[in-house]
Amino acid sequence: MGNWYEETFDGQVRFGLKVRRTLHSNRSKFQRVELLETEFFGKALVLDGLFMTSEKDEFFYHEMIVHPALCAVRRRARVLVIGGGDGGTVRELMRWPDVEQVVMVEIDGEVVDVCREHLPSIASAFDEPRLELRIEDGIEYVAKVPACSFDVVLLDGSDPVGPAEGLFNESFYADVKRVLKPDGIFGLQSESPVLQTDVFQAVQKTLRVLFDDVKPYIGSVPLYGSAMWSWTLARPVGEVFPLDTEPLHGLEAELRYMNRELCKAAFVLPTFVRKLATGV
């Protein structure tokens, strides 16, 4: 049968991958970092037993967290990424010529090093001159940055456990709002409405307390053990829509998941997801 690596969701659902070999396994200062070579998904990053990304399906996630957010702003010169240690979010940001600087704050340098070594197709932009990579606590960084420093903030964090737990609360979101320009945008992964319903609802509710407009959107990430995943955009002042998807026209030849039609359609929610997000 070979070796199987399984992720368990609340002791009720298991998602497993057949593994050829383990390329890296170590407990860093913050978490267990593993890099697996799997039969179906290729090389896959696992943090504290949770599947993070894989060679086969990483573009599902990374294109969805980046491009809708950048279509929601007129100015995208300075972008802050919290987390994103695999490098895929930074890679997608670098496709936009009007992004002048990306500050990426990742708490665990071992994740960056492992992905550089084993996932070079994902971690391909770490040497970009427009990138300032900081290995430190993203919560502390956002708390000390001057107000209105960024046009876009992207939270590319793992599930709300371990070192990512503090990235899912009102205090952190309030600091994000402070460092954003009023017409900026906050984008984040907001878990599965199917498997992490409580977290999805809590994120929507907390963001609505602080931001003028909050818009979740959905797609699929096969590695995450659910038929549905969500991301959310939040604007400090004004409304998220309309999205200007025309800049994607020049990028579509490079992208594998995102296109102009999908960027808009992703915000059309199934009725049950809309009720979870808004209560109506």
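Ser230 is buried, with a relative accessible area of 0%, where buried means under 20%, exposed over 50% and partly exposed in between, using a 1.4 Å probe and protein chains only. This is a predicted model, in which local features need pLDDT of at least 70 and side-chain atom pairs count only at pLDDT 80 or more, while totals for chains, interfaces and linings use all residues. Residues are numbered from 1 along each chain as its sequence is written, and side-chain values use heavy atoms, with hydrogens and water left out.

**Around Ser230**

- Ser230 sits in strand S12 (residues 229-235); strands (E, at least two residues) and helices (H or I, at least four) are DSSP runs, numbered from the N terminus.
- Its side chain makes a polar contact of 2.7 Å with the side chain of Ser190. A polar contact is a pair of N or O atoms within 3.5 Å; within protein, one must be able to donate a hydrogen and the other to accept it, and residues adjacent in sequence count only if both atoms are side-chain atoms.
- A polar atom of the Ser230 side chain also lies 2.6 Å from the backbone oxygen of Glu191.
- Not counting residues up to four places away in sequence, Ser230 touches Gln189, Ser190, Glu191, Pro193, Phe200, Tyr217 and Ile218, with contact meaning heavy atoms within 4.5 Å.

**Around Arg21**

- Arg21 belongs to strand S2 (residues 13-27) and is partly exposed, at a relative accessible area of 48%.
- Which residues does Arg21 contact, leaving aside its neighbours within four places in sequence? They are Leu36 and Glu37, and the side chains of Arg21 and Glu37 are joined by a polar contact of 2.7 Å.
- Leu47 is 26 residues from Arg21 along the chain, and their C-alpha atoms are separated by 16 Å.

**Helix packing**

- Two packed helices are described by the angle between their axes and the distance between the axes.
- The axes of helix H5 (residues 170-179) and helix H6 (residues 197-210) come within 10 Å and cross at roughly 45 degrees. Here axes are lines fitted to C-alpha atoms, for helices over the stretch in contact, and angles run from 0 to 180 degrees between N-to-C directions.
- H5 and H6 are therefore oblique to each other, since angles under 35 degrees count as roughly parallel, over 145 as roughly antiparallel, 65 to 115 as roughly perpendicular and the rest as oblique.
- On the H5 side, Glu170, Tyr173, Ala174 and Lys177 meet Val203, Thr206, Leu207, Val209 and Leu210 in H6. The residues of this contact divide into six nonpolar, one polar and two charged; Ala, Val, Leu, Ile, Met, Phe, Trp, Tyr, Cys and Pro count as nonpolar, Asp, Glu, Lys and Arg as charged, and the others, Gly among them, as polar.
- H6 also packs with helix H8 (residues 271-278), their axes coming within 8 Å and crossing at roughly 50 degrees, which makes H6 oblique to H8.
- Thr197, Phe200, Gln201, Gln204 and Arg208 of H6 make this contact with Val273, Leu276, Ala277 and Thr278 of H8, and these residues divide into four nonpolar, four polar and one charged.

**Backbone points to check out**

- Most residues other than glycine have a negative phi, and most peptide bonds are trans.
- The peptide bond from Phe241 to Pro242 is cis, with omega near 5 degrees, and Pro242 lies in the loop between S12 and helix H7 (260-265).
- Asp48 is not a glycine, yet has a positive phi of about 50 degrees; Asp48 is in the loop between strand S4 (42-47) and strand S5 (50-54) and is partly exposed at 33% relative accessibility.
- Cys148 has a positive phi near 60 degrees, in the loop between helix H4 (138-144) and strand S9 (150-156).
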